[in-house]
Amino acid sequence: MISESALAEAFWENGRSDDCPVIDMHGHMGPWRGIYFPRASAEAMIHTMDQCGVRMLVFCHHAALFCPEIGNAANVEAVRKFPDRLRAYLAINPHYPDSVAADLAGFDDNRDVFVGLKILASYHQVCWDDPRYEPAWKFADERGLMVLGHTWSGSRYDGQEMVRRMAGRWPNVRLLLGHSLHGAWDAAAAIAQEFPNVYLELTAVLDDRGPLEKFVAAGLSEKLLFGTDLPWFDPHHGIGAVLSAEIADEDRHNILHRNAERLLGEAGVGV
Amino acid sequence: MRFFDCNCCIGLPANPPSPAAGASPGVSAGELLAAMDRAGIDRALPWHVAQHDQDPLTGNDLLAEAIAAQERLVGVWSLLPPQTGELGDVGEWFQRAASAGVRACRAFPEASRYLLRAEVFEEVFEAMTAARWPLLLSLARGVTWDQVYDLLGEFPELTVILCDHGSWGADRYFRPLLQRRPNVYVEIGGYTLDGGIEDFVARYGPGRMLFGSNFPACYHGGMMLALAHAEISDADKQAIAAGNLERLLGEVKL
């Protein structure tokens with residue numbers, strides 16, 4: 001039941017909705033040091049996506065972010081195995097500039113795999129405006145690519161001050177604020193209102209009751225993107241939160257698929 | 001499907017966790033019931049935030065007043081060390097709790113500055129063990145995993161419900177306890193781990209997991225939808241959603 005929404009009724013009855021496919025714009029893949037994941041393989045994640053009505057996942061493999069020996073090859077392998085269900089963000093680890101240069105040089109040869117870049121500044125402990133990120137920003141700006149960046153309130157690496165500065169400096173980048181500057185909800189809303197190239201991604205935001213209503217009330221329904229960090233979080237949990245929020249079903253459609261369809265369409269991916 | 005929420009609270013917090021979030025920082029018992037009606041939740045086991053933010057005894061009184069005549073709400077009271085005399089006679093304190101519709105306890109050792117160990121709570125926890133009163137411990141409110149392990153080492157038969165263990169899957173912390181302590185239960189309000197419910201039930205059965213929402217900090221519907229469509233049997237879902245808590249509270253001796 002969850003709420004009075006017709007969409008909630010459909011998900012409650014069937015676990016999915018044919019009228020409302022879900023596109024998950026923030027995933028990972030594979031094992032990671034901090035958490036036991038029962039479903040971390042590509043196959044297991046596809047199983048979850050089927051279970052929850054997730055049509056497509058855009059992800060960046062943990063190994064691409066944390067294990068330079070493996071790097072982005074893990075992304076390529078998974079997407080080529082499930083080309084109808086997966087796309088990837090090219091991981092940028094600023095501590096390995098030669099690898100970044102090589103990966104960017106090969107980006108256009110892998111457009112069937114990559115739709116943008118992923119930066120994880122808080123974990124790599126390198127600020128967004130550090131010169132080591134410059135080639136990636138420049139590359140994405142020239143091509144109008146999506147860049148999904150982990151963002152968190154108060155972080156000197158990827159907090160609100162850094163986001164505002166880089167959103168203005170690279171206006172052609174579709175800048176997806178992973179976790180919507182978690183905790184700095186007012187700042188996230190203000191930045192998304194101010195910069196047409198900024199979108200708010202909702203992984204971990206949906207754990208808290210209230211921010212989603214705030215973003216929608218701020219007129220940002222068409223700039224919100226569903227995400228789960230899969231295999232971290234069950235998509236049904238996030239979907240259930242969207243269905244619980246006191247917003248309209250039209251907003252829920254925007255969040256769960258329409259906004260992502262538009263962005264992926266601009267990247268040449270039909271969903 | 002019948003839902004019995006073991007992890008929610010009422011009352012206004014002293015420091016709302018996110019004043020810019022747009023949501024009400026707290027709810028009354030009436031507002032909780034209205035939200036439960038909207039979501040489709042039958043019963044709940046609320047505590048009062050003043051038990052943590054102000055003091056346990058004031059919060060206990062506010063909780064008792066709020067749930068009086070509310071048949072769908074079963075209360076939780078917060079403990080203090082009996083040595084200071086604030087609880088009065090321990091046996092009488094539990095009788096007053098039972099008369100107020102209370103069937104479980106919480107402990108906030110960090111906020112109320114005490115130790116969660118036998119030197120302090122031997123009389124209380126032995127009484128709770130004998131009478132099957134559950135103790136709810138929130139990992140987000142000043143209880144550490146080391147404390148939980150030490151406590152269950154001293155009181156291995158105590159019924160403990162582990163709450164608010166965070167959205168990062170905490171299986172590596174709680175699974176050893178499930179294997180060694182027969183009366184440990186895991187509340188799933190924050191257990192958003194993909195495939196976690198299925199993996200847990202496959203290893204431990206459905207009897208050790210309890211539905212919780214952490215409302216009003218979190219939405220009701222997130223874990224409701226995850227549980228409703230988990231790949232486990234309908235009977236297992238119902239046990240987790242309500243049956244296990246009904247059984248636990250039904251075993252409480254008054």
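What percentage of the 254 residues in chain B is buried? Buried residues make up 52% of them. A residue is buried if 20 or more other C-beta atoms, placed from the backbone, lie within 10 Å of its own.

This is a predicted model: local features need pLDDT of at least 70, side-chain atom pairs count only at pLDDT 80 or more, and totals for chains, interfaces and linings use all residues. Residues are numbered from 1 along each chain as its sequence is written, while chains are lettered from A and ligands numbered from 1 in written order.

**Stop one: chain B**

Select chain B. Its secondary structure comes to eleven helices and eight strands. Helices (H or I, at least four residues) and strands (E, at least two) are DSSP runs, numbered from the N terminus. The radius of gyration, taken over C-alpha atoms, is 17 Å for chain B, close to the 18 Å that the globule rule gives for 254 residues, so chain B is as compact as a globular protein of that length. That rule is 2.2 Å times the number of residues to the power 0.38.

**Stop two: two helices in chain A**

Select residues 97-105 of chain A, helix H5, and residues 134-143 of chain A, helix H7. Their axes, lines fitted to C-alpha atoms over the stretch in contact, come within 10 Å and cross at roughly 15 degrees. H5(A) and H7(A) are therefore roughly parallel (an angle under 35 degrees).

Show the side chains next. Val100(A), Ala101(A) and Leu104(A) in H5(A) meet Pro135(A), Ala136(A) and Phe139(A) in H7(A). Contact means C-beta atoms, placed from the backbone, within 7 Å.

Terms used
Axes fitted to C-alpha atoms, helices over the stretch in contact; angles between N-to-C directions. Parallel < 35°, antiparallel > 145°, perpendicular 65-115°, else oblique. Contact = placed C-beta atoms within 7 Å. Buried ≥ 20, exposed ≤ 12 C-beta atoms within 10 Å, placed from the backbone.
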